[in-house]
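Open the model in your viewer and follow along, one selection at a time. We will begin with a place where two chains meet, then visit some single residues.

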2 protein chains.
Amino acid sequence: MPNRTPSRVPARKEQAKSPIQVIGRMMRLLDLLAEHPEPLGLKQIAQYTGLHPSTAHRILNAMAADRMVDRVEPGSYRLGMRLLELGNLVKSRISVRELALPAMRELHAQTGETVNLSVRHDDEIVYVERTSSGRSAMRVVHVVGARAALHITSAGKLFLLEEGFAKVREYAKRTGLVPHTKNSIASVTLLERDLARIQRQGWATDNEETELGVRCVAAAIRDDGGHLIAALSLSTPTERMKPHWGPLVKAAADKISHAIGHVPGVRIGTH
Amino acid sequence: MPNRTPSRVPARKEQAKSPIQVIGRMMRLLDLLAEHPEPLGLKQIAQYTGLHPSTAHRILNAMAADRMVDRVEPGSYRLGMRLLELGNLVKSRISVRELALPAMRELHAQTGETVNLSVRHDDEIVYVERTSSGRSAMRVVHVVGARAALHITSAGKLFLLEEGFAKVREYAKRTGLVPHTKNSIASVTLLERDLARIQRQGWATDNEETELGVRCVAAAIRDDGGHLIAALSLSTPTERMKPHWGPLVKAAADKISHAIGHVPGVRIGTH
DNA sequence: TCGCGGCGTTTCACATCATGAGATAGAATC
DNA sequence: GATTCTATCTCATGATGTGAAACGCCGCGA
C-alpha cells in the first residue's frame, strides 16, 4: 500500500492493531500527551506522531469538543478533564473482592491451602474473603469478618510497614504489642527488624505468631495510586508450609494489583 | 415495537459537534458505558446508541485493543483501565491538589463538614478533590470531576470576581445566568452586588443557590504570580452553617496559597 | 437428537467520510 | 513592513468506515 507521505520523518510504523485507523491515531495522540506533562504545540505533535498537521489538528479538535483533550490556548493541547471524570468512574466501580477472587482461586488450586483476603480497620486486620476446600481434613480457617492484631499476622505487618517506622513505634506504645503465642513478636526492636526483612523480600511471614502450629505468608495489594489497600495471605499448618510459596503469594498479589489498575512505581496523592 | 431494525429509528439526532463521526460515536459509546456501572451487551449498546450492531462492535473492538474499554467476556463491555491511568495522569498534573490536601483535612477536622477543592474550566468549575468522612449521616457530597456553573457556586463567584466586572457582564450575556434554585442569582445587578460584597469580606458564599438546603463558603487559592488558580470551599446543610466558618475557610485557603509560594501583594504576568 | 432463535462476530461491495496538499489567516521576529 | 513562522480552513480525491447479510456458536425446547 503506497502511503504517500512525502519525505516526512517515518516516526514509527503505522501500528496495524486497531481495526479503525482514526481510533489508532487518536490513541497515539493520547499516548503522546500522556508522556508530556506540559502542553504541546500542534507542530511537535504532528512531528512526534508522524501525522499530517492537518490530520492531527482535526482529530485533536474532535477530542477537544468532547473534553478528552484540553486546548489550553490555540495550538496547545494537553490531556482533558473528561479523562479525570471517566477515570474516577472506573475507579469507583472497582471491587477488590471481585477482582481478587480469580487469583485467589488459582493460588488455592496451586497450593491446596486456605487463601485469605484482608483489609486494615483501625489497629486490626479484618478478613474479607476466603477460599478453602475440603481437600485436606486439617486446614486453617479464618472466619470472614474475623479480626486480629496487626503485629501478630503476616497481613497486619504489611500495613505496619506501609506507615513507616515512626508510626510503628506509636502503634507499639498504643497497643503494648500484646503477644498471643510464645512466638509472637513483643518488642519494637524485633518488630522493626522483621519489617525490614519483609521490605527486602517483598512478602511477610507469620511463624506461629498468631496461633501455634500455623504459619502464614502475605503480600501487598495496591491500587492505582500505589496505596496499600488489602493483603493476600496463605495460611497453612506449620509442617506443610513450602519456602517457594512466598514468591507465589507475591506473584498472585501483584496480579490482583495489576487488575485493579496498579502500575509499579506510580504513587499519587498524599496518603 | 419489534426490534427488527428495518424501520431504523433515529434514536437521537446525530450530534454535529464532532468534526469526525467515528469519534463522536466513540464518545456516545463511552457516555453510555459511563452511565451504566454493570457491563453491557452489544445488543443493548447498539440499541441505546442507535448505532448498527456491527458498527458498535467494530468501534468497541478498536477501543478494547487500546484498553479504553474492557471486554469482560464476549459481547460484554465496560469502561477500561486506560481511562483510569489517563485520569490519574491528569489528576497528578494538577499540583494544587497535593499541596491543598493537608489544609483541607485540617479544615475538615475542625468543622466536620465536606471540604472541596475546585478549579475553573471554561464557564464552569470542576471539583478536583474532596475530603469527607462518615462522621455525620447527612453531608454534602460533590463527585470529584463534577461541574457546576460559575454564578451559582461560591467557588465560581471567586473566579468571576477575579476577571473583573466587564468580563462578568460578558459571562452573563454568554450564559444567560441560568438559575438552579429559587435563590440563584439571575440578574447581573444582583450578581455584581454579591461580588462586591465578596471582595470586601474576602470569601464567597452560596446561600442555597445551587441546591436548596445547602450552603457554601469559599475562598481563593493563588499561585506565586498572584493568579487565582483554585478555590477552597465548605459545603454544609443550611442549618449547620456557622458564621465564623467564613474566616476559617479564608485562613485555610491562604495557608494553601502560601504553600504554593504565594506572597500577598505580588502580581506578575498578564491579566 | 435435531431444529430453532438469539446473539456476537465476520465479511464485503459500496459510497461516505476522513484525508492531506495547499490556501488562508494570524502572530511573532527581524 | 517584510518575512517566516505557526494554526486553521478548504476541498477534490480515494482510502476507509459502513451496515446488510452471512456465519458460527450456544442454549433451549420439542
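## Where the chains meet

Select chain B and chain A together: about 4,200 Å² is buried between them, with carbon and sulfur atoms giving 69% of that area. Buried area here is the accessible area (1.4 Å probe) that two parts lose on being put together, summed over both. This is a predicted model, in which local features need pLDDT of at least 70 and side-chain atom pairs count only at pLDDT 80 or more, while totals for chains, interfaces and linings use all residues. Residues are numbered from 1 along each chain as written, chains are lettered from A in the order written, and side-chain values use heavy atoms, without hydrogens or water.

Next, highlight the residues in contact (heavy atoms within 4.5 Å): 47 come from chain B and 48 from chain A.

Now zoom in on B:R82 and A:D31, whose side chains form a salt bridge at 2.7 Å, N to O. The term means a side-chain nitrogen of Lys or Arg within 4 Å of a carboxyl oxygen of Asp or Glu. How many salt bridges cross the interface of chain B and chain A? The rule finds three.

Move to A:D122, a non-glycine residue with a positive phi near 55 degrees. Is A:D122 buried or exposed? A:D122 is exposed, because its relative accessibility is 60% (exposed is over 50% relative accessible area, buried under 20%, partly exposed in between; 1.4 Å probe, protein chains only).

Finish at A:L177, also not a glycine, with a positive phi of about 50 degrees. A:L177 is buried, with a relative accessible area of 2%.
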